[in-house]
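Please keep the sequence and the structure side by side while reading.

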Amino acid sequence: MSEPITREIDRSQMQISDEVAIEIHKMNKWYGTFHVLRDIDLTVHRGERIVIAGPSGSGKSTLIRCINRLEEHQAGRIVVDGVELTSDIKNIDKVRSEVGMVFQHFNLFPHLTVLENCTLAPIWVRKIPRKQAEATAMRYLEKVKIPDQALKYPGQLSGGQQQRVAIARSLCMQPRIMLFDEPTSALDPEMIKEVLDTMIELAEEGMTMLCVTHEMGFAQAVANRVIFMDQGQIVEQNNPHDFFHNPRSERTKLFLSQILGH
Amino acid sequence: MSEPITREIDRSQMQISDEVAIEIHKMNKWYGTFHVLRDIDLTVHRGERIVIAGPSGSGKSTLIRCINRLEEHQAGRIVVDGVELTSDIKNIDKVRSEVGMVFQHFNLFPHLTVLENCTLAPIWVRKIPRKQAEATAMRYLEKVKIPDQALKYPGQLSGGQQQRVAIARSLCMQPRIMLFDEPTSALDPEMIKEVLDTMIELAEEGMTMLCVTHEMGFAQAVANRVIFMDQGQIVEQNNPHDFFHNPRSERTKLFLSQILGH
Amino acid sequence: DTLDDVKARGELNCGVNTGLVGFSAPDANGNWTGFDVAICKAVAAAVLGDATKVKFVPTTGQTRFTALSSGEVDLLARNSTWSFSRDTDLRLDFVGVNYYDGQGFMVRKDLGVTSAKELEGATICIQTGTTTELNLADYFKSNNMDYQPVSIDSNAEGEQQYMAGACDAYTTDASGLAATRAAFADPENHIILPEIISKEPLGPAVRHGDNNWGDVVRWTLYALIAAEEYGVTSKNIEELTKSSQNPEVQRLLGVTDNLGAMIGLDAEWAKRAILAGGNYGEIFAANIGEQTPIGLARGLNAQWTQGGLMYAMPFR
Amino acid sequence: MTDVTASVDPPFRLSMLIYDRRYRSLTFQVIVFILVMAAAWWLVNNTIRNLAVLGKDFNFGFLFQRAGYDIPQTAIPYTSDDTHLRATFVGLLNTIIISVLGCVAATFLGVAVGVARLSKNWLFARLMTVYVEAFRNVPLLLWILILYAVFTEVMPPPNAYRGDDPAASMIFFDNVALTNRYTAIPGLGMTNDPGVLDLGARITISWATIAFVVVLVGGWFIRRAILKHAQAVQDRTGLRPKTWWKNLAVMVLPSLLLIFWFGLHLEPPSLQGFNFTGGVNVQNSFVALWLALTLYTGAFIAEIVRAGILAVSHGQSEAAFALGLRPRRTMSLVILPQALRVIIPPLISQYLNLTKNSSLAIAVGYMDLRGTLGGTTLNQTGRELEAIVLMMGIYLVLSLLISAGMNIFNARVKLKER
Amino acid sequence: MSETHAQTVAFVRDTMLPPAPPPIAEAGVVKWLRENLFSGPVNTVLTLLALAIVWFMLRHFGDWFSHSVWNADSLSQCRQIIAETWGEGQRGACFAVIRERWNQYMFGFYPPALYWRPTMGFGLLFVALAPVLFSESQKIRRTVLIVTTVLTLWMMLRLNAPGAWMIFAAVVFLGGLLISERNVSWLLIFSVLYPFLGVWFLWGGSLWSPIMALAGPLLGLLAWRLVARFIPLLAPVAGAVVTFGWWLLYSARAARDAENLLSFAIPFVRSDQFGGFLLSITIGLAGIAMSLPLGIILALARRSDMFLVKSLAVMFIEFIRGVPLITLLFVASLLLNYFLPPGTNFDIILRVIIMVTIFAAAYMAEVIRGGLAALPRGQYEAADSLGLDYWKAQRLIILPQALKISIPGIVSTFIGMFKDTTLVTFVGLYDPLKSMSDAVRASVSWKGIYWEPYIFVGVIFFIICFGMSRYSMYLERRLARDHR
Ligand SMILES: Nc1ncnc2c1ncn2[C@@H]1O[C@H](COP(=O)(O)OP(=O)(O)OP(=O)(O)O)[C@@H](O)[C@H]1O
Ligand SMILES: Nc1ncnc2c1ncn2[C@@H]1O[C@H](COP(=O)(O)OP(=O)(O)OP(=O)(O)O)[C@@H](O)[C@H]1O
Ligand SMILES: NC(=O)CC[C@H](N)C(=O)O
Ligand SMILES: [Mg+2]
Ligand SMILES: [Mg+2]
């Protein structure tokens, strides 16, 4: 499925600062009695682009959703941008407005136009005047190359266009971190490229990104680090080159042989 | 998108007779006031394999559906296998049992097994005894290489398999002409090949085929003639080689550059 | 013609009250008994020769006349009042009167009311679609009194409402009140007020213009009444058939003259009608008379010879 | 346009009536038409003959005769001297009143229960499920009868309130008496009565009522203006001014003023003679019917609401949360607008059902359209054909009005799709 | 890439962590309570509220239920038993009335000696339904059939059914069981015959009547076939005309003649003797059986592209849906005689069934129309392109799918209709709810009893309706699992 990434990313421009964006420490999570995430330790620096891979059910989505507090963790700490995630609503709000999230199934609001999708949160959460919010939204829509669809409804767009709107919608909140949960896996092949291109552009601008994806071309092109998860644990972390060409764990090898072999 | 066609077709074996299979003369069609097909003239000889290409909305599907009387034309004549298509039900029935059609979205009957899908029309339209119909169906299912799926339901098959069942279903009526409307465009890339292979095999056996497709590899490999349509008109007709390497009309050139360039 | 229809069908469809003890009520097995029911049975016996060939169609105050005019029933014997508009505008034919009645009120004793005039402001249960409903409105209006009507659909419902105290008084035909009260566990705690505010001649009805059939029903009724007048009972009827010297009795019982033929029946029609449940007096006594829990006195319904209004036209 | 040669159609032959697609449907329709017409003619002809046999005619003149019967609860003045037409109208008003009140109450109940069934509270959700299933799977008639029986059998009779040591006592500070006949509630008295507006036909409306309606409608428009203004301010500055107290003031203050102006006060009912007077006696038949319709329809509406909310995918709220929207805003900005599209059409058909079901009023003697026109009038005049035709016509018009409203709504909120 | 950063140093986990049990707050009763009942202030309030409601119910109705009496001859006796057992002034339920009037609630005024007939008819219904409702699972079918066989035969025995009929029933049951094991589709023949048999069992009379009625559709089919050979389009019309013509004009006469020739009759039971649940179920089943096909026809007509057919269907459906059922029942009982030739008078139950059927069919049509609309256009086109004609396409391709989609709606229409059978009380039939309970209360011994009959009838209705809705949910789930 993996389309070749057309544009080679210019990594020299991308700076990774020493500032820590996300810090996860000995985090554990259960669904009922099922132990989904086990002792997760992860530090993400500002400007890093991390790709998370792993077999289905290994807890990738859960991990990413914990960072956004869409799921609650039960043990350990998650600190996002200096704010620790507890049940404190204020903290959660703060974190959520710093962290953008893009879902597999886009989850656009079908009753609102593309523009309204993009301005909804800025207006109601950030309390930005409509005019200004719309201007920002248009800027991001231009960035994802669909300014002309602004007044259409999501149902009238193709999948690729919808996913780009979803990215624009997250960007409109001007987040400092972006989370992606398999953003391309629900798309037709010819649309995957559009979305990946948009993501690469984001990466080039130095956005901190965590991305669950099976697009290995993308991982090799933009990631600083690839994290491999299995059974709720981080099994291997490495830079993309070593990860793909020199995997150390048996599980990783097996996984890569399945993914790349086909 | 276009996967390379693996098997090069042996054109020498394919005979085109002088007999006319389909004759379309000054055919016009309107949707309301919208003129979809304009003065279509087309003669298809028995054994010919024609690929129809053209931009979206140019009327390709409409043309092919008129031949099967799924749409009614308003002016001009369409003669299929010596039978003129008028509003006369008997003629329509005759034509439909001579002409098989394969759709983009397969349109298999989800409540029937694969085998039942294939035997339904022979039993109810051709009044063939069930046993015999099943034997024929199995033969065609073998031909499309899925005899072992005969008792499954369409929903349990992959897209490529479903499309092959659709082809087998049409063949079970033992049609003399087959129409294909973008048979591969709803398929994942890895499944396209299976279906194209099946179609090539059919072509080798001398079936008269009209095929709307964007698979240019396929066109080059099997077509006797490529027809290019735009805005409801036939803009260019040529043999595949000339069509691709030496297009005459400007529009064809533009179209080819889009299709092949991407 | 209804007579032919009934004969052809072999069964009489008779419209009766949904349930008014003594007049018409089904028992646990669906067998109907009562004063009105007896009329139906007598007619069936006269016409079909079998008193059991009746299909009883329970009707409410609201549905009874429609049931009759739509042909669903051949005969309506449902304590219905003979009134001008019913006889004319509603296109019915009342063939006679089987019970001379009047509208009364029933109240609880502990209410302390002794006269209908004291019912100012009271809540009164009233069956819709009846003459009593109209009488009630007129009565209170002409006496310049107010009341709150509670519309009910059937006697059973009226009973329930009244017993629950949802209405202070229940009004309907005095006979119906007596029948209702008789069914109470504590009849002694309820009184029927002395005022009778209307005339309610109750009788069987047939469709207007259905004259032959009307004759059959009318003369069956008269046969019952006349039988009492001449002392013909279900006990002595066989004997009288043989021995009676009274020419009118002889005609009635078909011994001489064939009156039956004149109304399209055989000679013994009246005899069978009387045998079905006895003569008028027997029917009265068995269903609503003083020996029954309902305990109605003959009063106006005594024979004319006894000072009452029951007066059969001559059989001649 | 290009020149068009018409296809050479074969000349018309008789067999084309059957074999030609164009003519075939025509043939079929002609046959159907003839059959339907024949059936209609047959029915009408039978009716005419039957009427002739019975010596009846088809004539609505009876509507103008004196009705002669009383109606327990009327919205407009009515006496037994009025015509059947007015009685019919009284019945129609009663039907409309019970339907409207039923729809309003059932909507509130249904929405509350529908949301409650989705609650995370296991016990409460279960309880609501029990309610919904109990009402959906048992005939409405049973609930009407049971509730009516509850009122007539359980509540005390008015005279239980009598005496020095009454067996029953009024509730709400001696303002409301529940009896087995009616619920006596306080009436409204005015020290400064502005008089009434006479609409003719003895239908009057108090000027006070008109004043309240005007004030409330006006308040509603002002409230809209306030909201619009708030929206404008938000659009400009990003901050939404608080509006709830302004809204409250606009909606409530003028009414309060009017109350003082007219000297509006409650006049509690008191027991006089057999019954309570001075207030308003709401018949039990009405209350029981209303409760039964509300509870029954509410159960269906609850299911509709639940399904509507569930129809909005989980992803929608997650996306909203991820954008930082609070649950309440998520509900109002994202979930509800989408759920409503799913909810409203079946909701309206529940309104339709409720209106039609209100005809079961007959079971408890509430005099609605069926009770007056289709009941007493029909029976006293013996005009069953006319009365039933008229009654069905009126119900049909009511239903068509409701579904017309639904179609307009549907057309407006249709989601735009590709 | 800057290799200076610590985090880019590769990390490999060599030993996998085993799953650990969740913290206390995450498991067991505590967690359940915390999450489900007391997760927040609102939730806690709701829990307390719910508990209050339950407590209220128990307080007010608990004693009444727990003090029920099942054995008494009259209300006063029952009250006395309560007073004796639980003390003076105690309340209690007198379900004895149900016990005493059980037969009446079940059969109305049906002749007691013939109770076995409806019982047998109801039992055989399951044989007829087996190939329709339980067609997919051999196991369920076997269980259902064996249970009904045993139950029905046992009840027939208790109701003193004649031996010949016991043997007949046993043979049919066992035969049904056997066929269902072999090839269940053969049982469909019995399903087709059943309506006629069922009617005969219930009403009795001459066997020739159902046979002659059955001849109607058969002759219709014959006419269809014959005409189809020449004018296929008119064939359905011809079939319908012949069928109805036969029914209206000749069926009764033929039955009479045949009966005279060769008599085979069982005692006739009049419609007015029907009552109670026998009546409800008879009307309900007949309505269900007839409203589905009628609804399908209406739905197809409404989706037809023939203007006249479509507008007629729309008018009919909207008219029926626009008026209350009760007015239609009034038409059935009061007006129908106006519309029919003078002197015709046909059975009130039949009239009610027709009205209920029409009413349900209009709703059914809308449900099925929804199902039809949900089918992708491609299905129609595929059928067309294979050369299937309209009726074949509908029968083989479109309807099977559309009906499956519509199952929930269809079943809730059935449930609605079954509940609506209680309205027949307003046209003077003895429905179990109002008329029967009124009749019971009219008797001196049970005067003044309200709640028990209502509760009893309500419970029965609940069981049937709830059962139907659960069955439809099961069906839906199973069908969703198939073909995927
Ligand atoms: N709400 C939930 N309740 C219980 N178990 C859950 C829930 N959500 C997910 N799980 C389970 O948790 C495990 C991890 O799920 P998760 O969605 O994080 O996997 P994933 O790595 O994203 O897989 P995929 O590639 O399929 O998306 C799975 O086994 C899943 O079944
Ligand atoms: N039922 C219809 N009513 C009105 N217009 C239609 C209808 N079907 C198709 N059209 C219009 O007719 C034109 C030709 O449609 P057609 O489907 O034949 O195009 P196509 O060449 O097959 O395009 P594509 O490659 O997208 O399938 C389009 O502009 C389309 O919008
Ligand atoms: N109460 C009744 O059912 C009958 C009342 C009265 N005799 C009437 O004919 O209207
Ligand atoms: Mg996932
Ligand atoms: Mg196309």
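Contact here means heavy atoms within 4.5 Å. The model is predicted. By that contact rule, eight pairs of chains are in contact, and chains D and E share the most contacts. Other pairs stay apart. Chain A does not touch chain C; 52 Å separates their nearest C-alpha atoms. Chain B does not touch chain C either, with nearest C-alpha atoms 50 Å apart.

**Chain D spans**

An unreviewed UniProt entry annotates "transmembrane region" on several stretches of chain D, including residues 199–222 and 243–266. In the model, residues 199–222 of chain D are 67% helix and 12% strand, and the end C-alpha atoms lie 29 Å apart. Residues 243–266 of chain D are 79% helix and 12% strand, with end C-alpha atoms 32 Å apart.

**Disulfides**

How many disulfides are there over all chains? The count is three. The table lists the pairs.

| Pair | S to S distance |
|---|---|
| C14(C) and C40(C) | 1.9 Å |
| C125(C) and C167(C) | 1.9 Å |
| C78(E) and C94(E) | 1.8 Å |

Take C14(C) and C40(C). The torsion about their S-S bond is about -55°, so this disulfide is left-handed. The pair links distant parts of chain C: C14(C) sits in strand β1 (residues 12–17) and C40(C) in helix α2 (residues 35–48), 26 residues apart. Both C14(C) and C40(C) are buried.

Next come C125(C) and C167(C). Their link is left-handed, with -90° about the S-S bond. C125(C) lies in strand β9 (residues 122–127) of chain C and C167(C) in the loop between α6 (155–164) and β11 (169–173), so the bond ties together parts that are 42 residues apart in sequence. C125(C) is buried at 0% relative accessible area. C167(C) is buried at 2%. With the bonded cysteines of chain C numbered in sequence order, the pairing reads 1-2, 3-4.

Chain E holds the pair C78(E) and C94(E). Its S-S torsion is about -95°, so the disulfide is left-handed. C78(E) is in helix α3 (residues 75–86) of chain E, while C94(E) is in the loop between α3 and α4 (96–107), 16 residues apart. C78(E) is buried, with a relative accessible area of 0%. C94(E) is buried too, at 1%.

**Other cysteines**

Why is C211(A) too far for a bond? Its closest cysteine sulfur, in C66(A), is 17 Å away, whereas a disulfide needs sulfur atoms within 2.5 Å. C211(A) is buried, with a relative accessible area of 1%. C103(D) is buried as well, at 12%.

Notes:
Residues are numbered from 1 along each chain as its sequence is written. Chains are lettered from A and ligands numbered from 1 in the order in which they are written. This is a predicted model: local features need pLDDT of at least 70, side-chain atom pairs count only at pLDDT 80 or more; totals for chains, interfaces and linings use all residues. Side-chain values use heavy atoms; hydrogens and water are left out. UniProt positions are given in the numbering used here, feature names are shortened, and annotations may be inferred rather than shown by experiment. Helices (H or I, at least four residues) and strands (E, at least two) are DSSP runs, numbered from the N terminus. Buried means under 20% relative accessible area, exposed over 50%, partly exposed in between (1.4 Å probe, protein chains only).
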